Amino acid sequence: NGWNFINNTNDLKDDIGHGTHVAGLIAANHNKVGIAGLTHPQIKIMPLKVLDSGVTGFVVNGKLFTDLVAEAITFAVKNGAKVINLSMGWPKVIDTFKVRQAFRLAEQNNVLVIAASGNNNKDLTTYPCAYDSVLCVGAVDNTGALTDFSNYGSKVDMVAPGEFMVSTIPEGVESRLL
């Protein structure tokens, strides 16, 4: 199943839409309805919520945001995840020992962690992309050119399509583009 680390519940409603959008790109059902994800139909998503529309800073319910990420990574590893996707990042100032330990746990258990390079259009070191064990992915447009928002530089390991991607969105959340 999954877990909401913000509210410590199993309520996984996506009130932003980004998590559902990314999950759809990865593993939407091959059922001839809507889109089909890129992976084999037997791939399962373990939704772990560390952000919601109420999060506006580095502290969430008295905890650093990266502490919630650390708890979610630890949960994923202990519950059999083989790949962890993080479409998020943070600055060095909140890159804590606790979150670094969680990434070490993932690496020690051969869990691949993939993270977004960030959306600042800069050669900017962000975490978790700065970790050697993380596959850092930037975004290109439909011509193969770097998008006008994707971070770039030596920490970016690869790029992938990342602009105007059609995918799933949760009920009640409007697409920013459609």
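In this predicted model, the torsion about the S-S bond of Cys 129 and Cys 136 is about 85°, so the disulfide that these residues form is right-handed. The sulfur atoms of Cys 129 and Cys 136 lie 2.3 Å from each other, and a search of the whole structure returns one disulfide. Both partners of the bridge are shielded from solvent by the accessibility criterion, under which a residue below 20% is buried: Cys 129 has a relative accessibility of 3% and therefore counts as buried, and Cys 136, at 1%, likewise counts as buried.

One cavity of 30 Å³ or more is present in the structure, and the largest cavity holds about 40 Å³ of space. Its lining includes Cys 129 and Cys 136 together with Ser 117, Leu 124, Thr 125, Thr 126, Asn 151, Tyr 152, Lys 155 and Val 156. By residue class, this lining is made up of five nonpolar residues, four polar residues and one charged residue.

Attention then turns to the nonpolar interior. In soluble globular proteins, nonpolar side chains tend to be buried together. The largest nonpolar core of the model comprises 32 residues, and those with the most contacts inside it are Ile 73, Ile 84, Trp 90 and Phe 103. Two or more residues are given to this core by each of helix 2 (65–78), strand 5 (83–86), helix 3 (97–108), strand 6 (112–116) and strand 7 (134–140), with helix 2 providing the largest share, eight residues. When neighbours within four places in sequence are set aside, Ile 84 is in contact with Ile 73, Ala 76, Val 77, Val 111, Leu 112, Val 113 and Ile 114.

Within helix 1 (residues 18–27), the buried positions are His 21, Val 22, Gly 24 and Ala 27.

The loop between helix 2 and strand 5 contains Lys 82, which has a relative accessibility of 64% and therefore counts as exposed. Apart from neighbours within four places in sequence, Lys 82 is in contact with Asn 110, Val 111 and Leu 112, and of these Val 111 and Leu 112 are also among the contacts of Ile 84. Between Lys 82 and Asn 142 there is a separation of 60 residues in sequence and of 29 Å in space, taken from C-alpha to C-alpha.

Terms used: Residues numbered from 1 in each chain as written. Predicted model: local features only at pLDDT ≥ 70, side-chain atom pairs only at ≥ 80, totals over all residues. Heavy atoms only, no water. Disulfide = S-S within 2.5 Å. Buried < 20%, exposed > 50% of the residue type's maximum accessible area, 1.4 Å probe, protein only. 1 Å grid on protein atoms, 1.4 Å probe; cavity = no way out; pocket = protein on both sides within 12 Å on 5 of 7 lines; lining within 4 Å. Points joined across faces, edges and corners; volume = space filled by probe spheres on them. Nonpolar A, V, L, I, M, F, W, Y, C, P; charged D, E, K, R; others polar. Core = buried A, V, L, I, M, F, W, Y, C linked by side-chain atoms within 4.5 Å. Helix = DSSP H or I, 4+ residues; strand = E, 2+ residues; numbered from the N terminus. Contact = heavy atoms within 4.5 Å.
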